[in-house]
Amino acid sequence: MRAVAAALLVALVLSACSGGRTRAPEAPGRGWQERGIASWYGPGFHGRRTASGEVYDMHGISAAHKSLPFGSVVEVENLDNGRSVKVRINDRGPFVRGRVIDLSRGAAEKIGLVGPGTARVRLTLVGTAPAVVARDAREGREWVVQAGAFREARRAHALAERLRSVYPQ
């Protein structure tokens, strides 16, 4: 039930902040796994904003995934050498067919991926950290909003309705 309430809250906040144009991806459950090919990205994106709004640091430990919610923490295991690293999803990608994740150079170094450029990997979701970021274009500031935390979906829905009436889109 917590996952349902959290997903509803994230969707509500994103909807309110974006005028209904953006929807947060739904988080799979802890332990979710995916296998495929990983790659890394760096120099062309270093210092630019990621899809989540953060400034990309290619030397840091982060990753891009096509659908996992921003803030998700994923363990990436290199199936060719057994090395692993935990990364936080803060960007979208990879945009190359057949690849499941793009690692920062810092994360790629940890699992021996920089030299070969790609590797077979297993992703395991180990946690999520809400990362609902809204931007004020006039002032260039970013902020995060949490309107509540619920064990029961009906209470989350009730708050969502109250907030919609106070903060119409």
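**Close-up views of a predicted protein model**

Figure 1. Along the sequence, the elements of the protein chain come in the order α-β-β-β-β-β-α-β-β-β-α. That makes three helices and eight strands. The model is predicted. Of its 169 residues, 38% count as buried. The protein chain exposes about 9,900 Å², and carbon and sulfur atoms supply 51% of that area. Among contacts between residues at least 6 apart in sequence, 70% join residues at least 24 apart.

Figure 2. Strand β3 spans residues 73–78. Val 74, Val 76 and Asn 78 make up its covered face, whereas Val 73, Glu 75 and Glu 77 make up the uncovered one. Glu 77 is partly exposed, at 22% relative accessibility.

Figure 3. Strand β4 (residues 84–91) pairs with β3 over five bridges in the antiparallel sense. Val 76 has Val 85 of β4 as its bridge partner. Five residues lie between the strands of this hairpin, and Gly 82 there takes a positive phi near 80°. Strand β6 (residues 118–127) also runs antiparallel to β3, joined to it by six bridges. In this pairing, Gly 127 of β6 stands opposite Val 73.

Figure 4. Thr 118 belongs to strand β6 and is partly exposed, with a relative accessible area of 31%. Leaving aside neighbours within four places in sequence, Thr 118 contacts Ile 37, Ala 38, Ser 39, Arg 99 and Leu 113. The C-alpha atoms of Thr 118 and Ala 38 are 5.4 Å apart, although the two residues are separated by 80 residues along the chain.

Figure 5. Salt bridge between Arg 88 and Glu 54. The count of salt bridges comes to four. In one of them, the side chains of Arg 88 and Glu 54 meet at 2.7 Å, N to O. Arg 88 lies in strand β4 and Glu 54 in the loop between β1 (33–41) and β2 (62–64), so the pair ties together parts that are 34 residues apart in sequence. Both residues are partly exposed: Arg 88 at 31% relative accessibility and Glu 54 at 28%.

Figure 6. Arg 122 forms a salt bridge with Glu 77, with the closest N and O atoms 2.4 Å apart. Because Arg 122 lies in strand β6 and Glu 77 in strand β3, this pair ties together parts 45 residues apart in sequence. Arg 120 forms a salt bridge with Asp 80, with the closest N and O atoms 3.1 Å apart. Here Arg 120 lies in strand β6 and Asp 80 in the loop between β3 and β4, so parts 40 residues apart in sequence are tied together. Arg 120 is partly exposed, at 44% relative accessibility.

Terms used:
Residues numbered from 1 in each chain as written. Heavy atoms only, no water. Helix = DSSP H or I, 4+ residues; strand = E, 2+ residues; numbered from the N terminus. Buried < 20%, exposed > 50% of the residue type's maximum accessible area, 1.4 Å probe, protein only. Contact = heavy atoms within 4.5 Å. Areas by Shrake-Rupley, 256 points an atom, 1.4 Å probe, with all protein chains shown as cover. Pairing = 2+ DSSP bridges.
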